[in-house]
Amino acid sequence: MATKRIYLYPKWIRLWHIINALMFLTLIVTGISLHYATRGNNLIPFQLSVGLHNACAIVLTINYGVFVLGNMFTGNGMYYRKWRKNLWPKLWKQFLFYAVGIFKGEPHPFPITKKQKFNPLQKVSYVFAMYFGMPLLIISGIALMFPEKISITIFNISGLLFYDTLHIIVGFILSIFLLIHLYTCTLGDKPGTLFKSMVNGYHEEHE
Amino acid sequence: MKNPIIVLTIFLLAIAATLVAQTDDTLKLKPSYFEVNDFVEDNEACLQCHGETTFIIEDPNSGKSKNERMYSERAIDRDAFYSSEHKAFACTDCHSYEYTTFPHSIEARMEEQFLCLDCHGYDETFAKYHFEDIEVEFQSSIHNIEGFTCWSCHVPHSYKAFMRNADDLQEAILYDNNMCLRCHANFDRFTLLTDREEIVVVESHDWLPNQAAHFKKVRCIECHTEINDSLLIAHKILPKTEAVQNCTECHSKDSRLMHTLYKFQSLEERKGGFVNGIMINNTYVIGANQNVWLNRLSFLIFGGTLLVIGFHTFLRIRKQKKN
């Protein structure tokens with residue numbers, strides 16, 4: 001069986017992706033440690049968690065800027081911009097493939113090509129994660145990093161409470177996104193194929 | 001009295017006479033003072049000097065007089081006094097009648113100053129304040145040094161029981177912290193009590209993340225006292241080596257803030273599903289203010305996601321085995 005190889009992930013994307021992954025994982029672990037802190041032993045000492053969380057958040061924010069600028073000035077942006085017609089039926093089709101078709105050995109309904117890096121479900125979830133979730137996470141995170149600068153009350157509740165709750169909710173949703181993202185990345189030809197793509201830049205698939 | 005000019009002149013003169021009779025001193029006495037104190041006029045005998053920044057001292061022999069500055073420790077702000085806990089008092093309730101003569105006699109100056117326990121101790125009326133326990137705590141406090149009394153922090157002429165009646169916790173925190181900073185941020189005052197080196201509060205707390213937010217949101221005594229469950233406000237100030245430096249003492253579900261700052265209102269245990277919910281009226285403390293409902297929902301979603309992934313994986317493995 002021949003193997004199709006497409007160069008989909010240029011170096012800057014791979015570098016951005018690995019930095020994003022490492023920072024996000026550290027932020028999740030330190031965030032959980034802070035949220036569930038006890039007076040006894042903690043997953044990570046509180047002060048270390050605060051330091052690591054802040055440092056990784058700064059790197060993640062800069063890295064996010066790289067992502068946004070990269071998508072504005074390189075071809076990578078088109079994967080997030082061009083929305084398909086009849087999105088809902090296509091989303092349903094992709095969902096059915098993951099839920100049923102995959103076990104019947106059906107072919108991918110939206111095979112990866114140079115022009116179509118993401119299937120409809122990926123596209124929608126990536127756009128929401130990167131262009132809605134991440135900005136909310138970063139803005140609320142900056143507010144918490146400079147608590148003395150934020151409004152005392154927002155919508156009649158403490159400004160700190162507002163931003164912290166928003167930060168925790170968005171952080172949690174993005175963590176669930178990460179979990180599903182990691183799992184769907186095992187759905188390539190072999191469980192490790194898609195992970196390999198993010199290392200060498202080539203998407204590989206048996207034809 | 002038929003001449004209207006004469007009538008008008010008499011009328012104007014009467015008004016002018018009233019205004020002249022109203023001396024500067026009288027104008028200083030606000031109506032609110034009379035609402036809370038029956039001895040305002042009597043107290044003025046003292047406050048005409050102690051309520052001012054300067055006073056006049058006269059030598060009856062030479063007839064000379066001199067303007068002296070009032071030492072800040074002896075100065076009393078009328079507004080502060082008439083809104084303090086002791087607002088209803090006459091000066092002579094606590095100070096000897098000897099002081100009513102000026103210059104004050106040496107006998108008057110020898111007078112022992114009353115301390116809190118002298119009036120409030122062992123009295124059922126004040127039992128709920130636990131003054132006796134406060135005294136015991138003070139005895140074992142780092143503040144128990146020569147010259148340091150209750151008054152060093154709780155100035156009797158202006159003291160307010162702010163925390164106990166706090167409508168605005170923020171204001172109460174500021175009031176309370178200023179009590180500490182009066183000496184700890186003023187080396188001139190600090191040296192009156194100790195020979196220790198100057199403490200630069202901002203530098204000695206540079207380990208504290210978001211220092212400004214901490215100083216604004218909690219009192220110094222949150223970390224610098226030993227918790228005492230029978231006292232609403234702990235008075236055993238600890239040596240600096242024993243001060244709390246472990247973040248999770250406050251930033252945790254069983255936060256010590258519930259035993260200190262929020263002790264007054266801790267009956268309101270949960271608000272909107274938030275652990276230590278009373279805190280969120282004032283702030284949000286990471287670790288201490290988890291929302292129980294959000295926590296449960298997150299466990300549910302996380303568990304559900306893992307279940308779906310697990311089931312999907314199982315079906316994939318089964319399919320692979322079949323092939």
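With 19 C-beta neighbours inside 10 Å, B:Phe215 counts as partly exposed, because a residue is buried if 20 or more other C-beta atoms lie within 10 Å of its own, exposed if 12 or fewer, and partly exposed in between, with C-beta atoms placed from the backbone. B:Phe215 sits in helix H14 (residues 211-217) of chain B; helices (H or I, at least four residues) and strands (E, at least two) are DSSP runs, numbered from the N terminus. B:Phe215 and B:His205 are separated by 10 residues in sequence and by 9.9 Å in space, C-alpha to C-alpha.

This is a predicted model, in which local features need pLDDT of at least 70 and side-chain atom pairs count only at pLDDT 80 or more, while totals for chains, interfaces and linings use all residues. Residues are numbered from 1 along each chain as its sequence is written, and chains are lettered from A and ligands numbered from 1 in the order in which they are written.

**Chain A overall**

- Chain A contains 7 helices and 4 strands, in the order β-α-α-α-α-α-β-β-α-α-β from the N terminus.
- Of its 207 residues, 20% count as buried.
- Among contacts in chain A between residues at least 6 apart in sequence, 63% join residues at least 24 apart; a contact requires C-beta atoms, placed from the backbone, within 7 Å.

**Helices H4 and H5 of chain A**

- The axes of helix H4 (residues 87-104) of chain A and helix H5 (residues 120-145) of chain A come within 8 Å and cross at roughly 110°. Axes are lines fitted to C-alpha atoms, for helices over the stretch in contact, and angles run from 0 to 180 degrees between N-to-C directions.
- H4(A) and H5(A) are therefore roughly perpendicular to each other (under 35 degrees is roughly parallel, over 145 roughly antiparallel, 65 to 115 roughly perpendicular and the rest oblique).
- H4(A) contributes A:Leu87, A:Lys90, A:Leu91, A:Gln94 and A:Phe95 to the contact, and H5(A) contributes A:Pro120, A:Leu121 and A:Val124.
- By class, the residues of this contact are 6 nonpolar, 1 polar and 1 charged. Ala, Val, Leu, Ile, Met, Phe, Trp, Tyr, Cys and Pro count as nonpolar, Asp, Glu, Lys and Arg as charged, and the others, Gly among them, as polar.

**Helix H6 of chain A and the contact with chain B**

- The contact takes 22 residues from chain A and 27 residues from chain B.
- On the side of chain A that touches chain B, helix H1 (11-35), helix H2 (46-73) and helix H6 (159-184) of chain A each give two or more residues, and H6(A) gives the most, with 9 residues.
- That side of chain A has 14 nonpolar, 5 polar and 3 charged residues.
- H6(A) has 26 residues and reaches 37 Å from its first C-alpha to its last, close to the 38 Å expected at 1.5 Å a residue (1.5 Å times one less than the number of residues).
- Buried residues of H6(A) include A:Leu160, A:Tyr163, A:His167, A:Val170 and A:Leu174.
- The cover over the buried residues of H6(A) includes H1, H5 and strand S3 (157-158) of chain A together with helix H16 (292-322) of chain B.

**A:Leu27**

- A:Leu27, in helix H1 of chain A, is buried, with 23 other C-beta atoms within 10 Å.
- A:Leu27 touches A:His53, A:Cys56, A:Ala57 and A:Leu60, not counting residues up to four places away in sequence.
- A:Leu27 and A:Ala57 are 30 residues apart in sequence and 7.1 Å apart in space, C-alpha to C-alpha.

How values were computed: Two residues are in contact if their C-beta atoms, placed from the backbone, lie within 7 Å.
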